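User: I'm new to this one and would like to walk through a few of its contacts. Can you take my questions in turn?

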Amino acid sequence: MSPITHAQQITEAELIGTVTGLLTEGFRLALVAAHDDGDSLRVVYLFVAGHPDRRTELTLTVPADNPTIPSLAGLSFQAGRFEREILDLYGITPVGHPQPRRLVRHAHWPQDWHPMRNDAGAPGEFIATEHFPFLSVDGTGVYEIPVGPVHAGLIEPGHFRFSVVGESILRLKARLWFVHRGVERLFQGRDAAAAVDLAERISGDTSAGHALAHSLAVEEALGVELEEPVHRLRALLIELERLYNHAADLGALANDVGFGLANAHAQRVRELVLRINAQVTGHRLLRGAISPGGVALQALPDADRLQELADDVAEIAELTLGNSVIYDRFAGTSVLHRDDAVAMGTLGYVARASGIVTDARLDHPTVDLPITEVTATAGDVLARYTVRRDEFAASVALCRNIIDGHHGPLEVRTQLPAPASPCRGVGIVEGWRGAIVHRVEIAGGGMISRAKIVDPSWFNWPALPVAMAETIVPDFPLTNKSFNLSYAGNDL
């Protein structure tokens with residue numbers, strides 16, 4: 001049973017002191033969500049902590065005509081970015097923010113148009129501009145290398161600006177939000193029982209993770225409790241999603257240093273897992289299997305077949321790291337030190353590779369499962385590789401445990417109650433990249449009035465330039481793949 005999220009209404013004068021106390025107690029800021037209530041705006045701060053699972057919401061209400069909030073940027077790097085986001089989308093000014101620059105809205109977006117406000121209307125004319133103010137690094141021999149936003153292949157758009165001397169990187173600046181889709185706005189007005197298809201498309205390679213986080217949020221809001229076997233089957237699907245993505249990344253990392261043979265075998269493993277997904281759910285990306293109130297599987301995967309794939313991945317990794325040239329390229333490259341990873345709030349394998357123990361399956365469990373903690377300490381490309389290698393094996397072991405211990409039907413559908421009054425809920429899931437958080441508010445008629453989504457890539461993107469400091473330009477593709485962050489998950 002998930003804990004009920006504790007809610008507290010606070011004033012501007014109380015905000016900084018209350019947040020300081022929560023951070024001191026070991027809570028982390030999981031999301032900041034703004035809401036347009038007409039005459040006033042609400043800002044909700046969600047703080048979470050594990051062991052035991054704890055969730056606290058702070059709500060600050062400000063007038064709509066001149067909305068301002070005290071900035072928390074001095075306490076939390078993550079808070080400063082959330083504040084820049086709500087400044088762009090809602091026009092709420094964070095007073096005292098050290099760098100209140102645009103984050104979501106690019107320079108050509110209209111200055112006073114805030115698309116998440118109820119009265120936003122059409123944007124009007126966009127401004128023709130070819131300039132974006134990147135911080136320049138001056139000095140003898142310093143030059144800039146722009147990369148993107150359009151890239152070769154299927155990669156989504158992102159612009160990277162390198163300030164370089166020779167091949168050494170002095171500074172890397174990433175510019176995202178080229179594909180802003182207004183996903184959170186699309187949730188508004190949808191039936192809470194039928195919006196999971198949108199959640200599955202937030203970040204395509206994390207369809208099951210986002211579907212589950214959304215479903216848990218809706219279930220908490222409506223007071224729906226499901227039996228343990230349902231949660232176990234859902235956990236199985238999340239692990240299958242972890243498997244095909246980790247296999248692909250292990251191969252792609254090898255490919256980035258010229259070991260195409262390992263990549264070919266890793267992609268073979270990925271394809272086989274995708275075929276297993278299709279047999280289990282009817283969809284290679286596991287779509288349609290998880291929904292609020294239920295789960296639907298067509299069959300359980302063959303546990304022995306999964307173990308064979310785990311053995312294949314172990315052999316691929318051994319051959320990869322057994323090559324001294326590849327090992328040398330991975331080891332010591334693009335180190336993300338633990339202190340930096342903590343300060344930036346990193347999640348998932350990026351955090352675990354830097355020695356941070358973080359896993360929503362343990363911190364915010366929906367069911368008791370034998371989770372194996374996998375961490376490393378070096379924080380380099382090698383650590384991010386070995387963490388995913390070891391997580392593949394641990395994930396297969398977990399799948400076998402769930403398969404062997406399953407009892408009951410493979411499909412469960414629970415009728416969702418119609419809420420008599422507005423309600424809200426939070427869902428937290430350890431996706432393959434890290435913790436996913438969804439928060440929903442549901443109106444009395446059962447329609448979603450607000451959805452806030454935070455993919456782990458939101459927290460991990462700022463750490464990429466930090467890891468790239470004091471490296472060389474040819475290390476960028478390798479480092480970028482070792483993080484493998486979602487553009488779509490970051491830019492909703």
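User: At what angle do helix α13 and helix α16 pack?

Analyst: A quick note to start: this is a predicted model, where local features need pLDDT of at least 70 and side-chain atom pairs count only at pLDDT 80 or more, while totals for chains, interfaces and linings use all residues. Residues are numbered from 1 along each chain as its sequence is written, and side-chain values use heavy atoms, with hydrogens and water left out. Helix α13 covers residues 381-404 and helix α16 covers residues 476-483, with their axes (lines fitted to C-alpha atoms over the stretch in contact) 9 Å apart. Their packing angle, on a scale from 0 to 180 degrees between N-to-C directions, is about 35°.

User: Which residues of α13 meet α16?

Analyst: Contact here means heavy atoms within 4.5 Å. On the α16 side, the residues are Leu478, Thr479, Lys481, Ser482 and Phe483. The residues of this contact divide into three nonpolar, two polar and three charged. From α13 come Val381, Arg384 and Arg388.

User: How many salt bridges does a search of the whole structure find?

Analyst: A salt bridge is a side-chain nitrogen of Lys or Arg within 4 Å of a carboxyl oxygen of Asp or Glu. One of them joins Arg42 and Asp37, with the closest N and O atoms 2.5 Å apart. The search finds 31.

User: Is Arg42 buried or exposed?

Analyst: Buried means under 20% relative accessible area, exposed over 50%, and partly exposed in between, using a 1.4 Å probe and protein chains only. Arg42 has a relative accessible area of 18%, so Arg42 is buried.

User: How many residues apart in sequence are the parts that Arg439 and Glu57 tie together?

Analyst: The side chains of Arg439 and Glu57 meet in a salt bridge of 2.7 Å, N to O. Arg439 lies in strand β14 (residues 435-442) and Glu57 in strand β4 (residues 54-63), so the pair ties together parts that are 382 residues apart in sequence.

User: What relative accessibility does Glu57 have?

Analyst: Arg439 counts as buried at 3%. Glu57 counts as buried too, and its relative accessibility is 1%.

Notes:
Helices (H or I, at least four residues) and strands (E, at least two) are DSSP runs, numbered from the N terminus. Ala, Val, Leu, Ile, Met, Phe, Trp, Tyr, Cys and Pro count as nonpolar, Asp, Glu, Lys and Arg as charged, and the others, Gly among them, as polar.
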